[in-house]
Amino acid sequence: MLSRNFLTLEGVSREELRDILDLARVHAAGHGGLSLVGRTVCLAFFEASTRTAVSFELAARRAGADVISISEKGSAVQKGESLIDTVVTLDALGADAIVVRHPSVGAARLAARYTDAAVVNAGDGCGQHPTQALLDLHALSNAVGSFDELCGRKVAVVGDVLHSRVARSVIPAFQAAGMEVALVAPETLLPSENGAWELPILPSVDDAIDWGADVLYALRLQNERMTSESPRIPSVAEYARYYGVARRHLRDDVLVMHPGPVNRGVEISGDVVLSDSSLIPAQVAAGVAVRSAVLAYATGVAQKAVA
Ligand code: NCD
């Protein structure tokens with residue numbers, strides 16, 4: 001996985017996770033020396049983003065890279081240029097790394113076939129979101145003391161697993177870190193992969209607390225990936241009753257996570273977002289260090305930085 005492209009966390013190993021999180025930690029402590037001076041990082045975001053886009057940009061700029069950002073609006077994509085032609089163009093302009101966010105599953109993998117630059121998947125449809133899962137592990141490791149402390153802890157992944165690229169990255173990452181994972185979701189929001197994952201399914205967040213969850217990882221209800229003809233939940237209020245993380249779930253020893261953006265009052269209540277149990281701001285903050293480490297690996301400077 002820790003080659004040049006960062007496309008998926010499926011099959012990631014504990015050692016690979018540890019390497020990248022170690023590098024992120026060294027970088028966060030200000031001893032990283034991860035210089036991307038002379039490297040060109042292109043951010044190609046064809047789907048909305050706040051946290052991911054900003055933290056990739058900060059990560060690249062703080063390390064001294066030349067950064068180019070393109071989005072659908074304002075680029076030749078608006079004139080109908082394809083993803084492949086866009087990538088070929090960025091390659092010809094000297095990109096060392098291309099960070100791709102796209103509404104289609106497999107977009108980053110497709111892009112990687114058409115460029116010598118490293119491709120970093122910043123979210124492809126309902127596919128994968130590897131850097132989100134890495135920053136989640138980084139934030140959680142910091143909260144519990146270390147990466148090794150994650151081993152044996154229980155995490156309940158709650159909500160719209162079906163449409164979540166975050167779930168498809170974070171579940172293998174939690175498992176590789178030695179955590180016990182359960183899903184809390186209605187049948188209609190469970191993906192076909194669940195058969196292969198073989199995870200226990202719990203009927204509500206209350207049950208996740210009874211199961212002994214150390215971490216409640218709430219997922220956003222992905223309204224933009226559902227059609228009005230096939231709503232997957234009978235009502236938002238009913239969904240929130242069973243799958244929303246609320247004040248009554250708060251415990252001193254239970255951490256609450258969410259990748260953002262949050263639908264307050266749906267998958268998580270506003271007071272929980274702001275509570276001491278919430279790791280949400282720490283997750284966002286972890287993005288810069290983790291994405292610096294990812295860009296260092298992607299552009300081939302990581303070995304130098306670690307040495
Ligand atoms: C996630 C995404 O875009 O996949 N957000 C993020 O990157 N922080 C999760 C989501 O949109 O629900």
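## The interface

About 2200 Å² is buried between domain 1 and domain 2, and carbon and sulfur atoms give 58% of that area. The size of an interface is often given in this way, as the accessible area lost when the parts come together. The model is predicted.

## Two domains

Where does each domain run? Domain 1 covers 14-128 + 285-298, and domain 2 covers 130-283. Domain 1 gives 28 residues to the contact, and domain 2 gives 28 residues. The C-alpha centres of domain 1 and domain 2 are 25 Å apart.

Four salt bridges cross the interface of domain 1 and domain 2. Arg 165 also forms a salt bridge with Glu 47, where the closest N and O atoms are 2.7 Å apart.

Now take the side of domain 1 that touches domain 2. The elements giving two or more residues there are helices H1 (14-28), H2 (51-62) and H11 (280-298), with strands E3 (97-102) and E4 (118-124). By class, this side of domain 1 has 13 nonpolar, seven polar and eight charged residues.

## Around the ligand

Which residues surround the ligand? They are Arg 51, Thr 52, Arg 101, His 129, Gln 132, Arg 165, Val 166, Arg 220, Gln 222, Pro 259, Gly 260 and Pro 261. Arg 165, then, is beside the ligand and in a salt bridge with Glu 47.

A side-chain N or O atom of Thr 52 lies 2.9 Å from a ligand oxygen atom. For Arg 220, a side-chain N or O atom is 2.7 Å from an oxygen atom of the ligand. Gln 132 has a polar side-chain atom 3.2 Å from a ligand nitrogen atom.

Definitions and conventions:
Residues numbered from 1 in each chain as written. Predicted model: local features only at pLDDT ≥ 70, side-chain atom pairs only at ≥ 80, totals over all residues. Heavy atoms only, no water. Domains from an automatic or database assignment. Contact = heavy atoms within 4.5 Å. Buried area = accessible area lost by both parts, 1.4 Å probe. Salt bridge = Lys/Arg side-chain N within 4 Å of Asp/Glu carboxyl O. Helix = DSSP H or I, 4+ residues; strand = E, 2+ residues; numbered from the N terminus. Nonpolar A, V, L, I, M, F, W, Y, C, P; charged D, E, K, R; others polar. Near = heavy atom within 4 Å. Polar contact = N/O pair within 3.5 Å; in protein donor to acceptor, adjacent residues only side chain to side chain.
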